[in-house]
Amino acid sequence: PDEQLDLDDGRWEDIHVVTGALKLFLRELPEPLVPFSHFDNTSQCPPALAEIQDLSLRGHCIRDLVLSLPPAHHDTMKVLFRHLCRVVEHKEENRMSVQSVAIVFGPTLLRPASEEGNMAMHMVFQNQVVEHILNHYGYIFPD
């Protein structure tokens, strides 16, 4: 059933409620925005991305990862990151820097199919990917 949402309702004034709802929605998708197969695919962009010292190569790897996403995932990511870039533009007022946004959204957008393995390495990978996409949005999502 189509539920009509009244955005004028006072409960939506708290940005934490809205952000929490967005994160919950993304976290409860059957598969994350970056599908498990893409996260686990070690042939193109391994979770050991942090080990790639060449920043240009790392950037190309992340762009290739995003470009290889299924269309619905890619388009959703483009809209979401356009919004997150706007959030970062107001970091002086909202205290949400690129690093803060990466910490908040990284684990929600990218996660392995199983919790096995090095969780610290996964967190570094998740944060680095989100930071890179935010810092290079125009390169990754050219209009």
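Glu28 sits in the loop between H1 and helix H2 (36-40). The model that shows this is predicted. Glu28 has a relative accessibility of 60%, so Glu28 counts as exposed; the cut-off for that class is over 50%. In sequence, Glu28 and Thr108 lie 80 residues apart. In space, their C-alpha atoms are 9.0 Å apart.

Thr108 belongs to H6, and it takes part in the contact of H6 with H1. Helix H1 covers residues 15-27, and helix H6 covers residues 98-109. The two pack at an angle of about 25°, and their axes are 9 Å apart. Angles under 35 degrees count as roughly parallel, so H1 is roughly parallel to H6. The crossing of H1 past H6 is left-handed. From H1 come Thr19, Leu22, Lys23, Leu26 and Arg27. They meet Val104, Phe105, Thr108 and Leu109 of H6. By class, the residues of this contact are five nonpolar, two polar and two charged.

Now step back to the whole chain. The protein has 143 residues, and 36% of them are buried. It holds eight helices and zero strands. Read from the N terminus, the elements run α-α-α-α-α-α-α-α. Take the contacts between residues at least 6 apart in sequence. Of these, 70% join residues at least 24 apart.

What lies inside? Nonpolar side chains tend to be buried together in soluble globular proteins. Here, the largest nonpolar core has 27 residues. Met77, Phe81, Leu109, Leu110, Ile133, Leu134 and Phe141 touch the most other members. Helix H3 (55-67), helix H4 (71-89), H6, H7 and helix H8 (137-140) each supply at least two residues. H4 gives the most, with six.

Leu110 touches Val34, Phe39, Phe125, Gln126, Val129 and Val130, once residues up to four places away in sequence are set aside.

On the H3 side, the contact is made by Arg58, Gly59, Ile62 and Val66. On the H7 side, it is made by Gln128, Val129, His132 and Ile133. The classes are four nonpolar, three polar and one charged.

Follow H7 onward to Asn135. Helix H7 covers residues 119-135, and Asn135 is found in it. Its relative accessibility is 49%, so Asn135 counts as partly exposed. Asn135 and Cys85 are 50 residues apart in sequence. Their C-alpha atoms are 8.3 Å apart in space.

One last stop is Arg95. This residue lies in the loop between helix H5 (91-94) and H6. Is Arg95 buried or exposed? At 71% relative accessibility, Arg95 counts as exposed. Its backbone also stands out. Most residues other than glycine have a negative phi. Arg95 is not a glycine, yet its phi is positive, at about 60°.

Key. Residues are numbered from 1 along each chain as its sequence is written. Side-chain values use heavy atoms; hydrogens and water are left out. Axes are lines fitted to C-alpha atoms, for helices over the stretch in contact, and angles run from 0 to 180 degrees between N-to-C directions. Helices (H or I, at least four residues) and strands (E, at least two) are DSSP runs, numbered from the N terminus. Angles under 35 degrees count as roughly parallel, over 145 as roughly antiparallel, 65 to 115 as roughly perpendicular and the rest as oblique. A crossing is left-handed if the near helix is turned anticlockwise from the far one by less than a right angle, and right-handed if clockwise. Contact means heavy atoms within 4.5 Å. Ala, Val, Leu, Ile, Met, Phe, Trp, Tyr, Cys and Pro count as nonpolar, Asp, Glu, Lys and Arg as charged, and the others, Gly among them, as polar. Buried means under 20% relative accessible area, exposed over 50%, partly exposed in between (1.4 Å probe, protein chains only). A nonpolar core is a set of buried Ala, Val, Leu, Ile, Met, Phe, Trp, Tyr and Cys residues joined through side-chain atoms within 4.5 Å.
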